[in-house]
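Hello,

Here is the structure we spoke of handing over. My notes follow below it.

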Amino acid sequence: MAQACGLGLLLALLLPVLGASLPDTVVRLNKDMLSYVSEIGKAPLQRALQVPVPHFLDRSGEVLQPTRVQILDVQVPHLHLNFIASFGVRLLAAANFTFKVFRAPEPLELILPVVVLADARVAQSSIGTPVVSISTCLSLFNNAVVFNGSHSAAPTLLALVQQHIRAVLRNKLCLSISNLVQGLNVHLGTLIGLNPVGPESQIRYFMIDAPHITNDYISLDVKAVLFLLGKPIVLPVGATSFVLPEQVGTRSAMATVGLSQDLFDSALLLLQKAGALNLDITGELKSEDNPLNTSVLGQLIPEVAHQFPEPMSVVLKVRLRTTPVATLHTNNATLWLQPFVEVLAVASNSAFQSLFSFNVTVNLSLQLSVSKVKLQGTTSVLGEVQLTVASSNVGFIDKDQVHALMGTVFEKPLLDHLNALLGIGIALPNVVNLRYVTPEVFVHEGYVVISSGLFYQS
């Protein structure tokens, strides 16, 4: 698996697809990604090229003499990857093989320069997972150089040794690269697992079509499906196809990820159905910071003071009966909530007694960020929180009088709850040991773009 990590970054954001029709996420891997992979991919490629070499039959004497040949070291000073439009990726590697020939009376050490060319097709498998296959592979050999300090070898013997080594490597090097790619495919196959969103919810990404490949990037249409208690979250209206424009994000980014409005709608619907946005706000009888008690309410609503001559704690039960709405405009993301709040007094026997209820409308500014592999958010209130009385068991309620108190005790706990929830984040397309680095988030009309570098921890 370690051998697959270098080339694995080429498809690090690929995830398999089953039964999806329209993308809500687009992942675009750019040329800078290939440059990074070329650098970190040298070590696993070097390990993969250290193949066993069978004995060489030395015919220089009167009898055939089996001679052991061993690869001491493989160095890959140059590894270059580039996209092939409508196909995949081309690999060009320059490697220096150090061999030791255990001949008598003294061993011989030599360096053999080799260039390996391979074309890898990137496609979608029958089960919807990304798959890479080597379509063509070629090894080109230069003349061997006898290592300094080694005893001189007869030209005929040196030619025969090189012929033996080339015959072995010609097949084995391409087979090793093919095995490296097969290990990559096994690794990519594990990416169909669920990523947790909450205690009972998950997200899974699916590739829904063959990748679109140009000479500059590889683009993957991906469907994100969110699950609650094992059941997929389905938007009440038909999803729309999402196309990521060409010129978005930062040009020097390794990866450009586009997230559509539908993905945000699905995530908010999941949070609402899971009850994650609900909260209870409680007060303490002797708290000055959160004066939720019947004594304070009784000063504004006489009937409360009449029913509760002794101070009792008050609880606000905040419930989201409607799905929050995220609105994405250029350089501006907002979140609209309409909670229903029931105000209850805690009686002496710990039973709840409903006092009144009100509907709340709150507009929030939504700031998005990326940490490692998760999209996170923080909110702040835009304008005033709007309150309207829904029902009352304590007679007439002066909305303006209650507004100041409810705004004080309601707004901060709501923001704290939302920011803690959104701070947990939701997983972006990723592979094990990969994380986004120096990400930038751009909000556009109806979609969000993440431009980021990538870091692979092997």
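The side chains of Gln 70 and Arg 68 are joined by a polar contact of 3.1 Å (a pair of N or O atoms within 3.5 Å; within protein, one must be able to donate a hydrogen and the other to accept it, and residues adjacent in sequence count only if both atoms are side-chain atoms). This is a predicted model, in which local features need pLDDT of at least 70, side-chain atom pairs count only at pLDDT 80 or more, and totals for chains, interfaces and linings use all residues. Residues are numbered from 1 along each chain as its sequence is written, and side-chain values use heavy atoms, with hydrogens and water left out.

Gln 70 sits in strand S4, residues 69-84 (strands are DSSP runs of E, at least two residues, and helices runs of H or I, at least four, numbered from the N terminus). Its relative accessible area is 32%, so Gln 70 is partly exposed (buried is under 20%, exposed over 50%, partly exposed in between, with a 1.4 Å probe and protein chains only). Leaving aside residues up to four places away in sequence, Gln 70 touches Thr 98, Phe 99, Lys 100 and Phe 102 (heavy atoms within 4.5 Å). Between Gln 70 and Thr 98 there are 8.5 Å, C-alpha to C-alpha, and they are 28 residues apart in sequence.

Helix H5 covers residues 261-274. Of its 14 residues, 10 are buried, so H5 is largely enclosed by the rest of the structure. Among the buried ones are Asp 262, Leu 263 and Phe 264. Gly 275 follows H5 and has a positive phi, near 75°.

Regards

Technical notes
The expected span of a helix is 1.5 Å times one less than its number of residues.
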